[in-house]
Protein chains: 2
Amino acid sequence: MSFASRLWKAVDKKNTPAMVGLDSRLDHLPEPFASRAQDGPVEAAAALVDYHRALIDILAEHIAVIKPQSAFFELLGPHGWQACGDAIAYAKDRGLIVLLDAKRGDIGSTSKAYAQALLGGGFEHAFPASDALTLNPYLGDDAAEPFLKIAKEQQAGLFFLVKTSNPGASLFQNHGSPPLAEIVAKQVHRWGEETRNDAGWSDIGAVVGATRPEELARFRKLMPHTPLLLPGFGFQGGTADGLSAAFDKKGHGALVNSSRGILWAYKREDLFHLATWEARTEAAVIEMKEQLASVTRVQQ
Amino acid sequence: MSFASRLWKAVDKKNTPAMVGLDSRLDHLPEPFASRAQDGPVEAAAALVDYHRALIDILAEHIAVIKPQSAFFELLGPHGWQACGDAIAYAKDRGLIVLLDAKRGDIGSTSKAYAQALLGGGFEHAFPASDALTLNPYLGDDAAEPFLKIAKEQQAGLFFLVKTSNPGASLFQNHGSPPLAEIVAKQVHRWGEETRNDAGWSDIGAVVGATRPEELARFRKLMPHTPLLLPGFGFQGGTADGLSAAFDKKGHGALVNSSRGILWAYKREDLFHLATWEARTEAAVIEMKEQLASVTRVQQ
């Protein structure tokens with residue numbers, strides 16, 4: 001089954017486009033993981049393994065997709081990559097779709113190695129294959145080609161950065177007329193054309209950190225068949241309002257990410273009536289689902 | 001000592017701007033490493049460790065800088081990161097400057113994790129710090145900020161992609177007027193201004209895969225104080241002719257990279273009179289130095 005077909009099927013099953021990012025910072029873990037992580041990289045990686053397994057057990061009950069952020073694993077060197085692989089494999093076993101947020105991109109022969117490493121199982125199953133991967137488009141079409149090829153072979157997804165959610169995104173992404181981000185959007189649309197499934201959805205997605213509803217609508221128009229990854233729900237200032245342009249009437253079309261909004265929920269005073277970090281995390285996930293439900297209801 | 005000062009001192013000592021990229025593909029290793037690498041990721045990583053140590057012993061006699069390519073290590077998962085760390089630590093012990101080619105880039109809080117992971121030793125010395133790192137500029141200035149901060153703290157260098165050497169580079173990098181790559185070049189120049197050393201050189205570099213001498217001269221003019229990384233010498237079609245615009249009269253200003261031109265030299269029939277892969281590799285390095293010497297001689 002194509003990536004997009006698997007994705008929307010999983011989204012339907014959990015009845016939410018909510019995605020949680022595993023941007024797990026050692027100094028913001030709940031106890032006992034935070035204390036365990038202080039003893040060194042080996043102990044920190046072991047703490048991350050246990051934390052992520054417990055977290056994934058909660059997430060798998062409520063949402064369809066998780067997004068591990070490779071940078072926070074890379075901080076622990078080889079031990080971190082081991083912990084990252086464990087989280088990917090464990091989440092897949094629990095039926096979650098795993099979108100690895102690594103924002104890779106290089107010239108063709110090197111892109112091929114990255115694609116094989118992160119989507120193809122690496123050399124002789126050295127690393128669990130993710131279902132999808134984020135990419136940086138700066139190097140152009142021949143640099144994207146090996147990712148497109150291996151994604152097709154693996155029925156995996158790709159999410160190219162089009163417009164990012166950070167305040168400084170406009171510096172280069174708005175350069176020119178039409179702005180660069182729109183040129184990239186059109187190219188992502190083209191890259192995905194031949195992968196479209198029966199419902200019309202492509203396997204090649206885009207990261208769109210649109211800050212205004214009309215901007216999101218504009219990108220949706222430029223990429224009508226492209227799954228969108230909408231970052232920054234919660235902490236980066238995004239709200240459910242104004243996301244509806246990304247979705248069709250079935251509630252398909254986009255994933256909405258929250259990382260710190262969920263991972264740091266255990267610190268929320270308004271959730272202190274819940275005794276454990278697990279219960280507070282679950283409450284935050286359910287809350288996010290409810291907030292997003294209003295977006296898809298608008299469409300129906 | 002600032003990164004640029006260390007860099008040109010090392011270049012002076014070896015009397016060459018030649019840099020060798022460790023883009024080590026398992027199916028292109030010399031024997032016995034190629035055979036050893038076939039048995040699985042653990043064996044492949046061990047073969048890479050031994051190969052790179054032997055290679056670095058050769059390179060350290062002749063050149064100042066090596067550039068490990070993270071993608072080829074990532075293929076081996078955690079084992080590959082172990083091998084990458086070994087190569088970085090071993091090369092630094094041998095007095096080489098290590099520029100890790102990882103082309104990272106993300107929003108601010110994540111960029112901070114990457115910078116700490118790859119330039120700052122990771123969490124509790126989880127991974128050996130490289131002397132410099134390649135970065136993708138697409139996300140803008142706030143995304144670059146944590147890299148600039150940590151590079152300054154560590155007296156490390158950064159090399160932002162400005163214009164890449166692949167055929168498809170122009171798709172996005174030439175967008176707009178002036179073209180995006182020139183806008184990025186001006187920004188890289190600004191990012192580096194406050195790091196300039198006594199001779200005027202900045203610690204913030206740029207990757208410039210210029211295909212024509214006048215294009216290289218244009219980028220040098222836009223970034224007069226910026227160390228340039230010139231990729232693609234040899235296999236990607238670059239030659240020593242036309243590189244002189246990147247250098248000053250002392251032979252400072254740029255590093256010229258060859259990866260396959262050196263790593264695959266053991267297959268060259270015209271070097272078959274030399275019995276070992278080590279001897280052929282050394283001959284190719286000496287040949288590259290001679291070819292590049294003509295560039296810096298022009299300046300004197």
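Two residues are taken to be in contact if their C-beta atoms, placed from the backbone, lie within 7 Å. On that basis, the contact between chain A and chain B draws 55 residues from chain A and 55 residues from chain B. The structure is a predicted model.

**Contact between the chains**

- Helix 3, helix 4 (70–74), helix 5, helix 6 (108–119), helix 7 (141–154), helix 8 (170–173) and helix 9 (180–192) of chain A each contribute at least two residues to the side of chain A that touches chain B.
- The most is given by helix 5 of chain A, with seven residues.
- Divided by class, this side of chain A holds 28 nonpolar, 20 polar and seven charged residues.

**Barrel of chain A**

- In chain A, eight strands close into a barrel in the order 1-2-3-4-5-6-7-8, and the pairing is parallel.
- On average, and with direction ignored, neighbouring strands of this sheet are turned by 30° against each other.
- Strand 1 (residues 18–22) and strand 8 (residues 254–258) of chain A pair in the parallel sense over three bridges; in strand 8 of chain A, Ser258(A) is the bridge partner of Val20(A).
- Helix 9 of chain A packs on the sheet, where it touches strand 5 and strand 6 (204–208) of chain A. The direction of helix 9 makes about 165° with that of strand 5 of chain A.

**Strand 5 of chain A**

- Strand 4 (residues 132–135) and strand 5 of chain A run parallel and are joined by four bridges.
- Opposite Leu135(A) stands Phe160(A), a residue of strand 5 of chain A.
- Seven of the seven residues of strand 5 (residues 157–163) of chain A are buried, so this strand is largely enclosed by the rest of the structure.

**Packing of helix 3 on helix 5 in chain A**

- Helix 3 (residues 41–59) and helix 5 (residues 77–93) of chain A pack at an angle of about 15°, and their axes are 9 Å apart.
- Because angles under 35 degrees count as roughly parallel, helix 3 of chain A is roughly parallel to helix 5 of chain A.
- The crossing of helix 3 of chain A past helix 5 of chain A is right-handed.
- Residues of helix 3 of chain A in this contact include Pro41(A), Leu48(A), His52(A) and Ile56(A); among those that they and their neighbours meet in helix 5 of chain A are Gly77(A), Ala83(A), Asp86(A) and Tyr90(A).
- The residues of the contact of helix 3 with helix 5 of chain A comprise ten nonpolar, five polar and two charged.

Definitions and conventions
Residues are numbered from 1 along each chain as its sequence is written. Chains are lettered from A and ligands numbered from 1 in the order in which they are written. This is a predicted model: local features need pLDDT of at least 70, side-chain atom pairs count only at pLDDT 80 or more; totals for chains, interfaces and linings use all residues. Axes are lines fitted to C-alpha atoms, for helices over the stretch in contact, and angles run from 0 to 180 degrees between N-to-C directions. Angles under 35 degrees count as roughly parallel, over 145 as roughly antiparallel, 65 to 115 as roughly perpendicular and the rest as oblique. A crossing is left-handed if the near helix is turned anticlockwise from the far one by less than a right angle, and right-handed if clockwise. Ala, Val, Leu, Ile, Met, Phe, Trp, Tyr, Cys and Pro count as nonpolar, Asp, Glu, Lys and Arg as charged, and the others, Gly among them, as polar. A residue is buried if 20 or more other C-beta atoms lie within 10 Å of its own, exposed if 12 or fewer, and partly exposed in between; C-beta atoms are placed from the backbone. Two strands pair if DSSP finds at least two bridges between them.
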